[in-house]
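Colleague: Before we start, could you show me the model and take me through how its parts pack together?

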Amino acid sequence: MKSTFLLFLSFTLLNFQVAAQGTKPHIFMLLVDDWGWANVGYHRDVPTKEVQTPNFDKLCAEGVELDQHYVHNVCSPTRSSLLSGRLPIHVNVNNGAATMHNPKDPIGGFQGIPRNMTVIAEKMKMGGYATHQVGKWDAGMATRDHIPLGRGFNTSFGYFHHDNDYYTTKVGFCKIAPAGMNDLWMNEQPAYHQNGTDYEEHQFEQHVLQVLEKHDPSVPLFLYYAPHIAHTPLQVPDSYLKKFDFIDDETRQYYHAMVNYLDDVVGNVTGAFKSKGMWNNTLMVVSADNGGPEYSGGGANNYPLKGGKTSNWQGGVRGNAFVSGGFVPESMRGKKLDGYIAVCDWYATFAHFAGVDPSDAKAASAKLPPIDSMNMWPYVSGQVSASPRQDVPIGSPDMVQGLISGDFKILVDKVSTAGWTGPQYPNSTNPKGGISATEDCGKGCLFNIKEDPEERSNLASSMGDKLREMQDKLATYQATFYNPLRGPPDPAACEAAVHKYEGFWGPWLE
């Protein structure tokens, strides 16, 4: 009873702080796909003309850099975590196909976020926000309850799968339609006649600009933009590719050109916020969805961190992140914070701005895990000096594979992509990239990630007591692991795509 009262009191005081600062801020959440640690200028101690991100760099310099911001190592779990307010181990650690279905489980037997969890857009709507989603969804499409409009967004323009072709929007195929299906959706139906008409990221940019143009600034805005860039397939307009023709590796050339394209998009969008007179009351949150893909054909680079996308080394789970915008207190601008933040923590932070209770009664009724999210605004805004988050559990498809707690990190079992790159990667000695080494951590590799951020010194043999302490904590998180059987791809999804939606992917179940 006492803890409930304290939670209520804290929630009330924090709401008072927002009210004291002024109107509810506009929130612009940008989740960048497959963005490598070394693929942004502010992470380059030695500047290189290969990394051209002037808008990202300026926004970070004007805001607060979040140096210890953690995500899952692949796409869908991070998106599920952000949108649901749960750590990936309590919502989704599976990066499976959007067409997965287990008919025996009507709550969790689908890809992405379980049906009965409340997504952040619903909370923001309760707080009077206009809610808009643009770009990659990758958090479920089985029913209309799973797609953005069923999750609380007023409008939506994007795609459901992990990726699609930037020009044709096709992805996947069915035996009954081997040429492939289109994946592009507008609000409640396929984006008929818009697929194949332009470079997809340009379409997303134009839609974001239209949302801003039509928006009434007196109404608080929640804009969630999840670009396709820099996920494969590596495709970009020729004018951008030619800017990087000095790079001798084709994969690296395409990747850097794509990131530069997105940097221009971000400059245009933030410029529109300013032209609309909204920037001074906007909080922009920027995060990668996972580390950059260093596997063959991925094109990214997480130098000097170890590993990358699909692995649980720091290069896979420690993501580029910062906040910017006029709502950031002047006293915090230009600072770097090294306290732990998990991507799920933005849920409670945003709910705080909306003035709503972040807890999830609907999920509790379905006996689903509660939110793990912690309100980070007191920390990010400088009201307190330390992050409330001390632990970051790290999931894999079948277990809680690691834990960051205090200064230490433990990993167990076999961990892929066990290696490091150089400042330029991929390169002529490793064309198209790819780190094939796997490290077997058995019952525990132990690292002090504050003193050894590159994870080069395994302390397991020299710090036995700390190792056992971390193993015990890991076991505690393992006992809470949520991992329902989501089922195989459902052929009915293909039937709906071909016959119901005339060649477009979409919801196929009631």
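Predicted model: local features only at pLDDT ≥ 70, side-chain atom pairs only at ≥ 80, totals over all residues.

Modeller: Helix α3 (residues 75-84) is mostly covered, with 10 of its 10 residues buried.

Colleague: Which elements do the buried residues of α3 pack against?

Modeller: The buried residues include Arg79 and several serines, among them Ser80 and Ser81. Buried here means under 20% relative accessible area. The elements that these residues pack against are β1 (26-32), α4 (120-126), β4 (130-136), β10 (221-226) and α9 (345-354).

Colleague: Which residue follows α3, with a positive phi?

Modeller: The phi of this residue is near 80°. The residue is glycine 85.

Colleague: In the open sheet, which are the edge strands?

Modeller: The sheet has 10 strands with mixed pairing, in the order β9-β8-β5-β4-β10-β1-β11-β12-β2-β13. An edge strand pairs on one side only. That gives β9 (189-190) and β13 (335-337).

Colleague: In which sense do β1 and β11 pair, parallel or antiparallel?

Modeller: Strands of a sheet pair through backbone hydrogen bonds, and either sense can occur. Strand β11 covers residues 282-288, and seven bridges join it to β1. Phenylalanine 28 stands opposite methionine 284 in β11. The sense of the β1 and β11 pairing is parallel.

How values were computed:
Residues numbered from 1 in each chain as written. Heavy atoms only, no water. Buried < 20%, exposed > 50% of the residue type's maximum accessible area, 1.4 Å probe, protein only. Helix = DSSP H or I, 4+ residues; strand = E, 2+ residues; numbered from the N terminus. Contact = heavy atoms within 4.5 Å. Pairing = 2+ DSSP bridges.
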